[in-house]
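Subject: The structure I mentioned

Hi,

Here is the model I promised to pass on. Have a look at it first, and then read my notes below.

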Amino acid sequence: MDKHLFLFGSGPPFTPAMAKRFTEVSPDGPISILFIEREGMDWKDYMPVFTQALMDAGADEFKYLPLFSTSSAEICKSVERSAGIVIGGGDTNLYADYIVDTRIAWAIRNCYEKSVPVAGFSAGALISSNPCIISPNDNPDGKLQHRPGLGLISDVILSVHFSQWKDGSHLKEAVRYFPSRINLGIDERTGVYFRNNEYVDAEGDGVYTIINNNLNRIY
């Protein structure tokens with residue numbers, strides 16, 4: 001069975017072609033959206049940002065799973081019944097704390113292996129890989145961090161908000177830590193599609209890679 005992974009360089013929405021492809025590879029059933037609630041905002045008001053492009057592409061059933069206020073058991077049960085899984089953006093370390101090395105991670109990986117598509121936005125994209133590389137712009141210590149990720153994709157290190165955060169030096173540092181890995185810097189409003197652990201396509205503003213310490217634009 002094919003495995004489908006969609007990684008975005010910022011928060012939602014889906015780019016149009018990626019939304020279409022995601023729905024095309026989703027079986028019948030609800031799309032689960034895992035996210036950390038934003039302080040001072042009713043999360044229900046934010047969900048159309050996730051769902052509208054998917055609805056435009058034909059999806060019509062969603063399950064909303066706020067991580068702070070939903071039990072692990074309920075999240076796992078919903079994930080295991082999913083036709084697609086979406087992981088939101090925000091504080092990458094918090095997403096890793098709540099998902100990686102938990103029953104939720106096992107449920108996500110199990111679905112992914114069964115061909116259920118997974119999409120990650122910003123933090124959700126970063127924790128999809130293993131290791132999860134966190135930019136100095138994305139943590140209070142202001143230093144590159146790395147920690148275990150979900151491992152949906154292997155041998156790939158990622159940088160998000162790439163041009164907007166001027167994160168070329170961060171990606172180069174990550175490459176020095178993990179020189180044998182493929183590396184990608186993904187701009188905001190940009191999605192990258194992997195099938196069976198292989199880069200297939202991109203849509204949006206820009207995708208970059210470091211080769212021989214030189215920055216190259218590949219999309």
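Which residue of S12 does Phe 8 stand opposite? That would be Gly 191. Before going further, a word on the ground rules: this is a predicted model, where local features need pLDDT of at least 70, side-chain atom pairs count only at pLDDT 80 or more, and totals for chains, interfaces and linings use all residues. Residues are numbered from 1 along each chain as its sequence is written, and side-chain values use heavy atoms, with hydrogens and water left out.

**The sheet**

Strands and helices here are DSSP runs numbered from the N terminus (E, at least two residues, for strands; H or I, at least four, for helices). Two strands pair if DSSP finds at least two bridges between them. On that basis, 7 strands make an open sheet with mixed pairing, in the order S3-S2-S4-S5-S1-S12-S13. At the edges sit strand S3 (62-66) and strand S13 (198-203), each pairing on one side only. On average, neighbouring strands of the sheet are turned by 15° against each other, direction ignored.

Strand S1 (residues 4-8) runs parallel to S5, and 4 bridges join the two. Phe 8 has Phe 121 as its bridge partner in S5. With S12, S1 pairs in the antiparallel sense over 5 bridges.

S5 also pairs with strand S4 (residues 84-87), in the parallel sense and over 3 bridges; there, Val 86 stands opposite Ala 119. Within S5 (residues 118-121), Val 118 and Gly 120 point one way while Ala 119 and Phe 121 point the other, and all are buried. Buried means under 20% relative accessible area, with exposed over 50% and partly exposed in between (1.4 Å probe, protein chains only).

**Thr 190**

Thr 190 is in the loop between strand S11 (182-186) and strand S12 (191-195). Thr 190 counts as buried because its relative accessibility is 1%. Its side chain has two polar contacts to look at (N or O atoms within 3.5 Å; within protein, one must be able to donate a hydrogen and the other to accept it, and residues adjacent in sequence count only if both atoms are side-chain atoms). Leaving out residues up to four places away in sequence, Thr 190 touches several others (contact means heavy atoms within 4.5 Å), among them Leu 7, Phe 8, Gly 9 and Val 207.

**The cysteines**

How many disulfides are there? The count comes to 0, a disulfide being a pair of cysteine sulfur atoms within 2.5 Å. The sulfur of Cys 76 is too far for a bond, because the closest cysteine sulfur, in Cys 111, is 9.7 Å away. Cys 132 is in no disulfide either, and the nearest cysteine sulfur, that of Cys 76, is 19 Å away.

Cys 76 counts as buried at 3% relative accessibility, and Cys 132 counts as buried at 0%. Cys 111, in helix H5 (residues 103-113), is buried too, with a relative accessible area of 4%. Not counting residues up to four places away in sequence, Cys 111 touches Val 79, Glu 80, Ile 85 and Val 116.

Cheers

Technical notes. Axes fitted to C-alpha atoms, helices over the stretch in contact; angles between N-to-C directions.
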